[in-house]
Amino acid sequence: MVASTAELESLVLAVGGDGIAASHLIPAGQDGETFQPRAQDVARISEANVVVRVGVDYDLWLDALLRQSGNAAVERGGPGYVDASTYVALLDVRAGGVGPGDGHAHGRGNPHYWLDPANAEMITGAILEALARVDPAHAKRYEANRTRFLGELEAKVREWTRLLEHAPPLMAYHDTWPYLARRFRLRFVGIVETRPGVAASPAHLAQLVAAGKEAGVKAIVREPWEPARDADFIAQRCGATVVVLASGVGAVPQARDYVSLIDYDVQALARVGSR
Amino acid sequence: MWDPVSFLALPALACAALVAIHAYFGLHVLRRNVVFVDLALAQVAALGATVAFLVGHAPQGAAAHAYAAGFTLAAAALLASSRSWSARVPQEAQIGVIYVVAAAAALLIVDRAPQGAEHIRQILTGNILTVGWDELRWAIALYAIVGAVYPVLARRLDPASWRSDFAFYAAFGLVVTSSVALAGVLLVFAFLIVPAAIGVLHADTFRRQLVIAWIAGTATSLVGLAISYAADLSTGATLVCAYGVALMIAGLVRALRGAARARLAAAGRGARLLLAGLLAVSGLWIVASPAADQPVLDAIERVVPSARSLYIDDTALATANEARQYAARYRSEAEALRKRESESRWNGSPIPDEEVRRIASFLKSYNEMIRGEEFVVREVRNRARAAHRFALGAAFLLAAALLSWPRLYASRT
């Protein structure tokens, strides 16, 4: 089994259990939206029985790899092809040319949907379907694995919800967190980088600082690879701190798998709230 | 409140400091004909910081800086020692190879060290707008030391010697490593080359070139910062473009210097003929393919929207206006829906998944409807252009003719 990201791989393993071998394509801790496939990735896919992708225009490079691999089983529409976003309720679907300050370049919706732990149910559902198609002999076991995993996750979600009950208003460098925000009722007052790769203008920064002060923003959220300077700049002027969150498994050493990824982010935000 | 002056004071100071040191090195870089050396050295420094991370040092700590500086000095030694080849292989080629190899090697290392990619980015993607006083203080101190020591040292060394080259690349490497982290590669390149080029265009001695470079560079920075604030544009990119324009203006001024009157008249004639040519080509283009992009006609309509009514009749204009209004309404309705959903994430009662899915499909439909209305606007315009293609083309050709032969309408020019 091949997944495009390490967090999807972790969910694949949660369903597949010990019986399956899984790998991921985007190296852990790298920005998936700027990934360039490597030579061995084609080989990995041509040997795979199931390929799981993020979809929502996040891993468009995978289409070329699938074509190149010539593996009909995992091509679009094949029994081993899984678009993990299939059953997810997508946020921030764009309706042409809305004004500035709206965050993402993804017209089809924000692709960071795995950051809502409730969406793990939809993602693992899609994975389970493919596993049952490819390997019907073990379908029962996969289903049991998934049910157990979702049960454990549910207990975790209750704990996480309690931890984030009184989370303060936040601001983010890139619009990576709407799903996390929706699940745990977090308020993101603004986004620093409104167009991917374009640094903020002075007027936009000034407006963010003003909005941040007014709303009492306590933390500026950035990912490890996002510019520290810009986040520090706003944090200093709003009297907030900078919190480094992980959007994927491996982005920080503590995020070893799907559950510890969400756990790391929640704990980091809860520490801000308790300050 | 955030007035522009307090917001842009630190970036302006940073620009002045960066111009001061880079204009000086830029003049040397132009003389040595190694314009891309800054990119190569910055990339090598980033490689050094990545290696520091790989072997277990904290990012942005003293060890990381030491690694970056060490790698830069090694690259300086390499560049200085390979000068003997430059009769056969130009130095610029060697610089290019150092750049691509450093960039590629960093990628390979990142593959081995998870969480490593960020350090390359932090080193190469400074942002002049959010520069902090803490960093700037150190950078200014470094520039002051290098600016004081290097010229004295350079005078004592034999310019043809290996040592002289090494001193230059080492001093410049230290400066560039710190400045790229402050301002990013694009802007540092502009700071390095453009003021120096303006100086060389307008003076012959090093001293005069340097003074002109300082004045032109600092003034351009201030204008660029002001534009970036007023027009709400990304500061680094605005500054780089401002430098491009400044070099163009400097080139024009240079071309017009001297026998001003005759040259000015010649330039005016040239500009007029250029404009006439543009209009003539546009006229023919409209006749040939009225539905294609018509940049000149579009530009005229953007400046004078009522120009449309010259060739689109009232009913068609009304249709297009109605479509525009619908598109605007759909846009605001979609925006309101989006806002409601994003508010509900933290405020009021949460919206269930089913409702979120419905909102998403509504937004998609709005998108289609807006596109439909935009299609109507374009289609109405294209049909009118097709119907009046010969009249429009003739008007453009007439304007072109009037511009090329002023004597048709004036007794004497």
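Chain A and chain B bury about 4,100 Å² between them, with 52% of it on carbon and sulfur atoms; buried area here is the accessible area, taken with a 1.4 Å probe, that two parts lose on being put together, summed over both. Let me say at once that this is a predicted model, in which local features need pLDDT of at least 70 and side-chain atom pairs count only at pLDDT 80 or more, whereas totals for chains, interfaces and linings use all residues. Residues are numbered from 1 along each chain as its sequence is written, chains are lettered from A in the order in which they are written, and side-chain values use heavy atoms, with hydrogens and water left out.

In terms of contact, meaning heavy atoms within 4.5 Å, 52 residues of chain A touch 49 residues of chain B. Of the area that chain A buries against chain B, 19% is supplied by A:Arg185, A:Pro202 and A:Arg229, more than by any other three residues.

The rule finds 4 salt bridges across it, a salt bridge being a side-chain nitrogen of Lys or Arg within 4 Å of a carboxyl oxygen of Asp or Glu. In one salt bridge the side chains of A:Arg182 and B:Asp353 meet at 2.8 Å, N to O.

Which elements give two or more residues to the side of chain A that touches chain B? They are α6 (178-184), α7 (202-215) and α8 (228-238) of chain A, where helices are DSSP runs of H or I with at least four residues, numbered from the N terminus. Among these, α7(A) gives the most, with 7 residues. By class, that side of chain A has 30 nonpolar, 7 polar and 15 charged residues, with Ala, Val, Leu, Ile, Met, Phe, Trp, Tyr, Cys and Pro counted as nonpolar, Asp, Glu, Lys and Arg as charged, and the others, Gly among them, as polar.

Finally, the cavity search. Over the whole structure there is 1 cavity of 30 Å³ or more, a cavity being a set of points on a 1 Å grid over the protein atoms alone where a 1.4 Å probe fits but cannot get out, with lining residues having an atom within 4 Å of a point. The largest cavity has a volume of about 60 Å³, a volume being the space filled by probe spheres set on the points. Its lining includes A:Leu90, A:Asp92, B:Arg338 and B:Glu341, and α14(B) provides the largest share of that lining, 4 residues.

Methods:
1 Å grid on protein atoms, 1.4 Å probe; cavity = no way out; pocket = protein on both sides within 12 Å on 5 of 7 lines; lining within 4 Å.
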